[in-house]
Amino acid sequence: MTYTVAVRELCEFTAKQGDLDLRFTPAPTALEGIAGHAIAASRRGKGYRAEVALTGSYQTLQVRGRADGYDPELQRVDEVKTFKGRLDRQPASHRHLHWAQAKVYGWLLCQQEQLVHIDVALVYFDIGTQQETVLTERCSADDLRQHFELQCQRFIAWAQQQAAHRTARDAALGTLAFPFGGFRTGQRPLAEAVYKAATAGRCLLAQAPTGIGKTMGTLFPLLKAAPAQRIDKVFFLAAKTSGRQTALDALSRLSDSAPALPLRVLELVARDKACEYPANACHGESCPLARGFYDRLPAARAAAVEHGEADGTPLHQAQVRKLALQHQVCPYYLSQELARWADVVVGDYNYYFDLGGLLHGLAQANGWRTALLVDEAHNLVDRARKMYTAELRPASLAEARRSPTAARHPPVKKALDKVRRSWVALDKAQTSAYTVLDDFPDKLLAALQQCGSTLTEHFADHPTEPDAALQAFYFDALHMVRMAELLGPHSMVDITQPSATYKGKAAPPGDSLVCVRNVVPASFLQPRFAAAHTSTLFSATLQPARYYADLLGLPADHGWVDVESPFDAAQLKVQVARHISTRYPHRSASLAPIVALMAQQFHARPGNYLAFFSSYDYLQQVAALFAQQHPDVPHWSQSRRMLEGGQRDFLARFTDTSEGIAFAVLGGAFAEGIDLPGNRLIGAFLATLGLPQINPVNEQIRERMQVLFGAGYDYTYLYPGLQKVVQAAGRVIRTPSDEGVVHLMDDRFGRDEVRRLLPGWWDGRKDGGVGR
């Protein structure tokens, strides 16, 4: 069987050596890289050929790629590398890899053009100065052929193993049976919709109720479709740790039901959770696990793949860490290397959708045919907005300017001071507490760009001097510059003056929050969905569908399925308290009737309840009055910034035999993603519509939404609020045998425009109504 590999993948496998070294940073963005390549090509002669597609073979290995450029007159092939910073700081291992790639392209061109020799050139293009540094070596075709064959020989054993694995994987997936014998109610139509979307190569938006097994209902059909659709990788993308764990559990269940299934499953986690030496820099002079990383990587990689195939269990991060430490390599970067060889990768949204998303970058570089599963997709709107939003906080700059590095190195201090002066001047020009600008301020942008260049050089020159405060501001500045350069109707530039005063006086200039605020992530996400062969976004709350399609940039031909609930209206009693208003001016008046209703329900049917409020302040006011009037009823509350241990203790109080009311914040850790079936939870109180606060920022977003979509209030307030309400209420009914009650404590829940956004099965009608 022929195995096809990209030139870049081939050389990264065979030609990387020595230390892991990330000092030669930051790398240009993808757009900067494309622009740099275009400029370099435009400077060449008339007959210059850019992006030359090439292929070659060695035994059962086929190698393909695109040479950046070929000049027939000079008989020279160019390998263009864009960079920022100082080229003389580039590690030797990087240069070695670049030559390896360039010489492979050299041989493929010699073969295609029947050349006896060719000039191979590394063209280093400085994004900042747009200057080129060209390193050229004349090579004979025979020498290049030997180089090519040597790389192939180093890779071919692995390629043969990969080809055999793919054949066995696809054969096993073809006979894979659903692991539970039969589908749950609603699970089959969901699975059928996912399978059809994969077969048609389309994007699917799937609304399916909680409790039907959405994770298995999406993973199973996609894996079944993989062989016929030639899908290389499945990326399961989750918003939270609980979503990742559910996917890993489902994949383990699949492996248990089919022991012969050779499916490689990998979990990716954030760097701060995987790093063994967080205080050390990522290079061999600082971190022992970076020293000799690429020399020890082959053995670690082989052990990880062998482990995954030996028992069919997913490579959880704990297992990756264990293997990494056995081979003395970095666990975080080992997991990134393993992503190249996994069949299913389970990770956070940012691994695919972020500007520098690892999985998207690997898929593009290697030409993978990918399939996406986006878990709890209603979260992607806010998460993507955060990915493409950049903030400059005065405290971050202040800490950087006070850092020991700034004191010892005048160029660093000068660059930071220039940013400060530009920031102060910007604030002095503002006439209100909140201002929206048409463009990002030129002088501040120039100061940030210069500061970024200075800090890049500093970090390259002083690799053994870690400075957390300086690095934090450095990354903030880089992200701000990047988002300012990508500014469009999808985002806005705003400046917020601090509301606090200093000794009775207004805050001094330079203490504002400067933000490039993304409000519509569609233009950033659209290319990511287009790059995948198929994608399914699923959640229990994706209503109305057009809201998510508009904000997420789904393809025009995307599909939609609304899976019928397996639950009956008799299981859930939904009541609207029309005598209560939770509007801000009515908060004080609402406390007594809310407490009375909660106590009445608890005494009528003792058990475990969750009560959700719009803020901690509101929660504390109700909880205090409840404790005063009903001290006999057990109750406990979510606290501000509750840590994972506190969250576990909070949930541990929900047992099959316990009774009490837990107070929580809507949209917080307990409003979605928790599972309390049976008597562990029998009811919920919703003392809010979940509407975002009316403030200058949200009002600007409303205006932008009105211009773009003609539904400013709905897109900014109503839809996001009701999505949180439905998610929170969904905690009550988790299984076909559950029974419970939901009290919607606000008169606005009785309005038709609100009722239409609530699940239709709640009262047995399909118009979205609720019981009266």
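**Reading a predicted model, turn by turn**

Trainee: At 52% relative accessibility, does R230 count as buried or exposed?

Mentor: Start with the cut-offs: buried means under 20% relative accessible area, exposed over 50%, and partly exposed in between (1.4 Å probe, protein chains only). R230 has 52% relative accessibility, so R230 counts as exposed.

Trainee: Where is R230, and what is its phi?

Mentor: A word on the source before we go on: this is a predicted model, in which local features need pLDDT of at least 70 and side-chain atom pairs count only at pLDDT 80 or more, while totals for chains, interfaces and linings use all residues. Residues are numbered from 1 along each chain as its sequence is written, and side-chain values use heavy atoms, with hydrogens and water left out. R230 sits in the loop between α6 (214-229) and β8 (233-238). Although R230 is not a glycine, its phi is positive, at about 55°.

Trainee: How many helices and strands does the protein chain have?

Mentor: Both are DSSP runs, numbered from the N terminus: helices are H or I with at least four residues, and strands are E with at least two. Counted that way, the protein chain has 27 helices and 25 strands.

Trainee: Why is the protein chain called as compact as a globular protein of its length?

Mentor: We compare the radius of gyration, taken over C-alpha atoms, with the globule rule, which is 2.2 Å times the number of residues to the power 0.38. For 772 residues the rule gives 28 Å, and the protein chain is close to that, so it is as compact as a globular protein of that length, with a radius of gyration of 29 Å.

Trainee: What share of the 772 residues counts as buried?

Mentor: Let's build up to it from the outline of the chain. Along its principal axes, the C-alpha trace spans about 90 × 70 × 50 Å. Of the 772 residues, the share that counts as buried is 55%.

Trainee: What part of the contacts with a separation of 6 or more comes from residues 24 or more positions apart?

Mentor: A contact means heavy atoms within 4.5 Å. Among contacts in the protein chain with a separation of 6 or more, the part from residues 24 or more positions apart is 78%.

Trainee: What does S57 touch, beyond residues up to four places away in sequence?

Mentor: S57 lies in strand β2. The C-alpha atom of S57 is 8.8 Å from that of C152, a residue 95 places away along the chain. Not counting residues up to four places away in sequence, S57 touches Q62 and F148.

Trainee: Which residue is in the turn of the β2 and β3 hairpin with a positive phi?

Mentor: Two strands pair if DSSP finds at least two bridges between them. The hairpin has two residues between its strands, and the turn residue with a phi of about 55° is Q59.

Trainee: Does Q59 count as buried or exposed?

Mentor: Q59 is in the loop between β2 and β3. Its relative accessibility is 62%, so Q59 counts as exposed.

Trainee: Which residue of β18 does L205 stand opposite?

Mentor: Six of the six residues of β18 are buried, so β18 is largely enclosed by the rest of the structure. T534, T536 and F538 point one way from β18, while S535, L537 and S539 point the other way. Strand β7 (residues 203-207) pairs with β18 in the parallel sense over five bridges. In that pairing, L205 stands opposite L537.

Trainee: Which residue of β17 is the bridge partner of M492?

Mentor: Strand β14 (residues 491-496) has five of its six residues buried, so β14 is largely enclosed by the rest of the structure. Four bridges join β13 (residues 434-437) to β14 in an antiparallel run, and V436 has D494 as its bridge partner. Six bridges join β14 to β17 (residues 513-518), also antiparallel. In β17, the bridge partner of M492 is R517.

Trainee: Which peptide bond is cis, with omega near 0°?

Mentor: Most peptide bonds are trans. P544, in the loop between β18 (534-539) and α21 (545-552), is part of our case. The cis bond runs from Q543 to P544.
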